[in-house]
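This report describes selected features of the structure shown below. It considers aromatic and charged side chains, strand pairing and helix packing in turn.

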Amino acid sequence: MVLLLVGLLTAIPGWAVADILYTNAGTPTGLEEEIRWRVNRGRFDTVSENQTRGTSYTDVPATAGPLAPNQALTLAARHQSEDMAKNNVFQHATVTGSAYYNPVTQPQPWDRMTAEGYSWSNAGENIAAGYSDAESAYVGWWNSTGHRENMYNAAFREIGNGYYYWAASTYGRYYTMDLGSSGKNAFFTDTLFRDANANGVYDSGEGIGAVVVRLTVGSLGQSTYGISSEVGSFAVPLQSITSGAVVSVVLSNTAATNVTLTLPRDYSTFTSFSLASHQERVFGTFVEPSGTANVGLRNVTPQSASIMSSQLTVVKASQSFMLSWSSQTGLQYLPQWSHDAENWSNLIQTPEAGTGGTMSLLDGAPTADRRFYRLVITGP
């Protein structure tokens, strides 16, 4: 990637004055997010999911958008799991003796979703019991026709997983997955994590929180944004973006420490993406799909290099030019030739690579009062 520097570096588009944090995603537990991550990976590429599981199911679409977390669905799922565990039953119907719902007036899963404030246009539910962890519960659903078709139904765009353990119950561990869509609501959603054990999957404890996820279309920053929860879950509404628009995904680390993210490229390959404390970078772009569909990180084309900086400062002092800017961690800044093909023998670069601080170039002996400078910027 080549940027020509004549006064400005590429800058972040201005965000809307009244930014709105999307909060309906809620905060899943690590186990609940593990299940969502597995479902979303499979929905992206069911051919690869069949290969991974040693199956050959043909009743699921080749691909579908990722499911966004929804707090109302999560609460409905958690409460059903708790009610089943404490009353030692296993059923979709609202449990007699429920601590949360009326089994007479709210007998169905979608009644419980409505009670939690979810306005559904499509709704479904999976339940499981006795499985030891997120992986085995998910595989149990994958290998069951009705449950698999529910998880992979492209009409669903949101999910809430609920887990509850009760030692005195028959099965001990109870799982509920509530699925739904609400009108035309659609989301950019995924899981931000670092694959610390390098096993190629998201595990509890690997989530990265406090990362702001923003979307821009051209020079316009969308007013609603998301922040990853402590388990890495996030969602940003898409329905206000015009079909066919090229959307940039901007990630910002609000934490006091640097973070490295393991971001998916497809079903099984990942790219590493680093953010210094309080640093903001463009990850890449996607094209807003037609109709109502969710988009995830696997749908994003990464940007090879980007500068998220303030205005380039150019200062002329006597016979020299000093150029300075805020650098981006992980990128290399290499001085090139000037427009008149003169070798920049007097151009000094400090330091040699982006460190997240201020960098500068000094032209100590320009031949004219006006110069044209160029940097080659390379990165992940």
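## Aromatic contacts, strands and helices

F193 is buried, with a relative accessible area of 1%. The structure is a predicted model, and a search of the whole of it finds 14 aromatic pairs. In one of these, the ring centres of F193 and F270 lie 6.3 Å apart with the planes at 85 degrees, so the pair is edge-to-face. The angle is over 60 degrees, the cut-off for that class. F270 is partly exposed, with a relative accessible area of 25%. Both residues also belong to a cluster in which ring pairs link W37, F193, Y202 and F270.

Aromatic rings also take part in contacts with arginine. R148 lies over the face of Y57, at 3.5 Å from the ring centre. The charged end of R281 sits over the ring of F273, 4.2 Å from its centre.

How much of strand 15 is buried? Of its 8 residues (280-287), 6 are buried, so the strand is largely enclosed by the rest of the structure. Strand 15 runs antiparallel to strand 12 (residues 246-253), to which 7 bridges join it. Strand 15 also pairs with strand 16 (residues 301-302), again in the antiparallel sense, over 2 bridges. Within that pairing, T285 has T301 of strand 16 as its bridge partner.

A further group of 4 strands forms an open sheet with mixed pairing, in the order 3-5-6-4. Strand 3 (68-69) and strand 4 (122-129) stand at its edges, each with a single partner strand, so one side of each is left without a neighbour in the sheet. Strand 3 runs parallel to strand 5 (residues 158-165), and 2 bridges join them. In strand 5, I159 is the bridge partner of P69.

Strand 2 (residues 20-21) contains I20. This residue is partly exposed, with a relative accessible area of 46%. I20 and Y225 are 205 residues apart in sequence, yet their C-alpha atoms are 6.3 Å apart in space.

Helix 5 (residues 134-142) is crossed by helix 1 (residues 30-44) and by helix 2 (residues 46-53).

| Helix pair | Axes come within | Crossing angle | Handedness |
|---|---|---|---|
| Helix 1 and helix 5 | 9 Å | roughly 40 degrees | right-handed |
| Helix 2 and helix 5 | 12 Å | roughly 110 degrees | left-handed |

The axes of helix 1 and helix 5 cross at roughly 40 degrees, which makes helix 1 oblique to helix 5. Helix 2 and helix 5, crossing at roughly 110 degrees, are therefore roughly perpendicular to each other. W37, a member of the aromatic cluster with F193, Y202 and F270, falls within the residue range 30-44 of helix 1.

Definitions and conventions
Residues are numbered from 1 along each chain as its sequence is written. This is a predicted model: local features need pLDDT of at least 70, side-chain atom pairs count only at pLDDT 80 or more; totals for chains, interfaces and linings use all residues. Side-chain values use heavy atoms; hydrogens and water are left out. Rings of Phe, Tyr and Trp (its six-membered ring) pair if their centres lie within 6.5 Å; planes under 30 degrees apart count as stacked, over 60 as edge-to-face and the rest as tilted. Buried means under 20% relative accessible area, exposed over 50%, partly exposed in between (1.4 Å probe, protein chains only). A charge sits over a ring if NZ of Lys or CZ of Arg is within 6 Å of the ring centre and within 35 degrees of the ring normal. Two strands pair if DSSP finds at least two bridges between them. Axes are lines fitted to C-alpha atoms, for helices over the stretch in contact, and angles run from 0 to 180 degrees between N-to-C directions. Angles under 35 degrees count as roughly parallel, over 145 as roughly antiparallel, 65 to 115 as roughly perpendicular and the rest as oblique. A crossing is left-handed if the near helix is turned anticlockwise from the far one by less than a right angle, and right-handed if clockwise.
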